[in-house]
Amino acid sequence: MKKKPITRRQLLKNTALASVGGFLYLNFPGSKHIAKASGLNIRSNYPGEKTRVVLIRDKDLLTDFNKPDQVKIQSMLDQAVVTLTGVSNHTEAWKKLIKPEDIVGIKSNNWRSLPTPPELEIAIKQCVSRSGVPEKNISVRDGGIIEDPIFMDGTALINVRPMRTHAWSGVGSLLKNYIMFTNNRPALHPDSCADLAKLWKLPNVEGKTRLNILVMLNPLFHGVGRNHFNKEFTWEYKGLIVGYDPVAVDSIGVRIIQAKRKAFFGEDRPLNPPAKHIFLADTRHNIGTADAEKIELVKKGWMEDSLI
Amino acid sequence: MAIRKKYLLLLLILVPPLMTSSAKTLNQYLPKAVNGWVTVGEDHYYNPETLFDYINGGAELFISYDFEQVISRTYKKSGQPDITVEIFDMIKAKNAFGVFTHARESVDSIFGQGSQTFEGAILFWKDRYYISIVSDEETGDSKKAQVAMAKKIDKAIKQTGMLPEILDWIPESLLVPESIFYFHHYVWLNAFYYISDENLLNITDKTDAVLAKYGEPEKRYYLLIIQYPDNNLAGDAYKNFAEQYAPEIKTHPVVKLEDGKWIACKVDHDLFVCVFNAHEEKNAGTLLKTVLEKHSSSGE
């Protein structure tokens, strides 16, 4: 049977679908707005628990562009993990995520214009070490991971990268960060990278990710030119979004980016192309949830102009 | 098999000279030095197969506009940021214009047939070429050098290119001029306004499509025009769109949707026209009617 396209009209008519795709495609802030707009009732009950996502910000975090203070970023990370795991202190929180016998690949991102800050890589590595993992069993990298036995044969992954708009997939965020796990990247390009979630089912990836950290220090909310980067289109958000579910974390990040675009341009300016791979990671590949009603967003720290 | 070998041999003889010729063509537009910035190292060339190595993540944008080749040259000056200049050969002027419309925030023709200046960057198009002049950081001197480079390249490219014919059908009243966005790959259909995640209008490299914004930001509405290779393809696209999006347009071209906004759609020979998100019925209907009148009066 030929699958039906997801159209604006369908999202306007179908509240259930809109609660997943509404904010990703239509810049709807949440399902209450959708219900109001469409005249339909809000869904209120779901089986199972909501997935927790932690947004944490510190207004004094940055010492320069994309450069956080080492002590502050460490503190933010620890607070986020404590909140996410629901335990009393950061040592116990990290022990819940990582065991001493784990072999841990920290999948970073070294895109030249907006890389994962080294200060955050150091902070994550310290936390993993604190959990009892020896140095030789930890690797931090972006390129070359398929030649790195820690990534290919390891037991645990931590996924960390900055949020940015992307010329072909809408955004470059956590779901896309595992593209280095394949040699055949062009195979994932069709239909504006619609099926990036397939990466998360690769044998060396599936079930190994313990933590996802979307870096929102100076997110890129709009791209121009062949580099798709200009500092004019970044801003000091000074935050991290942390969670177990990469789809939920990415979808929160997209909402913030869309809100920033609206504020900056003075009108709705949808991501071009839309970040459909995040929507499809939920609805087609069942990697996680993009449904706003199934996400529990916990906010910590400075929340001025949080845009969410 | 013998015939295949013969063709392979012919290709080996012909292709390298052709590549050299094309490379030379791009090379000749670049200055050797500007304001103390000089060329360091060799020029680099990339084609559709190798562009991913150069701008992984950004290559698809150019490939969706039939990109053929790019030359990249870096200029250096002591104590100043490097400046990288690229000339993308997009085969046709309409493709160069299309890529340019992705970054256009204002109407500006200081360089070439349209240009845009950002911090550390000048982007412009002329004839079949899209030109990018970029430095990671900007100083007063580097900006002056970028401007000088843009002027030299603009002067070196003698020809100007024809804009796509489809732009002729865009009405000017209430138009946001810098919003005109030209494309022929369905991925860009949702540039201003999400319509669908699938190619329900059968946009291909044989179709020309344009989006444009109208009205004030708080009451923005959008025009989509698609020109198909023939009337049958336009009719098929209209039928599919009506079935998947708004069956009501088959009986009345102007329809109010669930969000209270108006949509107005029609097909006219090879042209599909649709107005989205109009806050008032009159705006949707008038814009649709004006496009169709312009198209009819052109003798198409």
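# Questions on a two-chain predicted model

Me: A:Lys238 lies in the loop between β8 (209-220) and β9 (239-243) of chain A. Does A:Lys238 count as buried or exposed?
Reply: This is a predicted model. A residue is buried when 20 or more other C-beta atoms lie within 10 Å of its own. A:Lys238 has 20 C-beta neighbours inside 10 Å, so A:Lys238 counts as buried.

Me: What is the phi of A:Lys238?
Reply: Most residues other than glycine have a negative phi. A:Lys238 is not a glycine, yet its phi is positive. The value is about 60°.

Me: Which helix of chain A holds A:Cys193, another residue with a positive phi?
Reply: A:Cys193 is not a glycine, and its phi is near 60°. It has 27 C-beta neighbours inside 10 Å, so A:Cys193 counts as buried. Its place is in helix α8 (residues 190-193).

Me: What distance separates the centres of domain 1 and domain 2 of chain A?
Reply: Domain 1 of chain A covers 1-45, and domain 2 covers 48-301. The centres are taken over C-alpha atoms. They are separated by 26 Å.

Me: Which helix gives the most to the side of domain 1 of chain A that touches domain 2 of chain A?
Reply: In chain A, 10 residues of domain 1 are in contact with 17 residues of domain 2. The domain 1 side divides into 4 nonpolar, 5 polar and 1 charged. One helix of chain A gives 6 residues to that side: α2 (residues 15-25).

Me: Where in chain A does pLDDT stay under 50?
Reply: Chain A has a mean pLDDT of 89, and 91% of its residues reach 70 or more. One stretch stays under 50, with 31 contacts beyond four places in sequence. Where pLDDT is low, the predicted coordinates should not be read in detail. The stretch is residues 30-46.

Me: How many contacts beyond four places in sequence does the model have for residues 1-21 of chain B?
Reply: Chain B averages a pLDDT of 90, with 91% of the residues scoring at least 70. Over residues 1-21 of chain B, pLDDT stays under 50. The number of such contacts for this stretch is 0.

Me: How many residues does the contact take from chain B and from chain A?
Reply: The model scores ipTM 0.84 and pTM 0.89. The chain B side has 19 nonpolar, 7 polar and 8 charged residues. Elements giving two or more residues to this side are α3 (59-63), β7 (121-126) and β8 (129-134) of chain B. The contact takes 34 residues from chain B and, from chain A, 33.

Me: What distance separates the centres of domain 1 and domain 2 of chain B?
Reply: Chain B is divided into domain 1 (2-156) and domain 2 (165-297). The centres are taken over C-alpha atoms, and they lie apart by 33 Å.

Me: How many residues does the contact take from domain 2 of chain B?
Reply: The domain 1 side of this contact in chain B divides into 2 nonpolar, 4 polar and 4 charged residues. Domain 1 of chain B supplies 10 residues, and domain 2 of chain B supplies 9.

Me: How many residues has the largest nonpolar core?
Reply: In soluble globular proteins, nonpolar side chains tend to be buried together. Those with the most contacts inside this core are A:Leu240, B:Ile225, B:Phe272, B:Val275 and B:Ala284. Among the residues that B:Ile225 touches are B:Trp169 and B:Leu271. The number of residues in the core is 176.

Me: Is B:Asp230 buried or exposed?
Reply: B:Asp230 is found in the loop between β11 (221-227) and α6 (231-244) of chain B. B:Asp230 and B:Phe272 are 42 residues apart in sequence and 11 Å apart in space, C-alpha to C-alpha. B:Asp230 has 11, so it is exposed.

Me: How many helices and strands does the secondary structure of chain B come to?
Reply: Chain B has 300 residues, and buried residues make up 44% of them. Its C-alpha atoms fill a box of roughly 65 × 65 × 35 Å along the principal axes. Its secondary structure comes to 7 helices and 14 strands.

Notes:
Residues numbered from 1 in each chain as written. Chains lettered and ligands numbered in written order. Predicted model: local features only at pLDDT ≥ 70, side-chain atom pairs only at ≥ 80, totals over all residues. Domains from an automatic or database assignment. Contact = placed C-beta atoms within 7 Å. Helix = DSSP H or I, 4+ residues; strand = E, 2+ residues; numbered from the N terminus. Nonpolar A, V, L, I, M, F, W, Y, C, P; charged D, E, K, R; others polar. pLDDT = per-residue confidence, 0-100. Core = buried A, V, L, I, M, F, W, Y, C linked by C-beta atoms within 7 Å. Buried ≥ 20, exposed ≤ 12 C-beta atoms within 10 Å, placed from the backbone.
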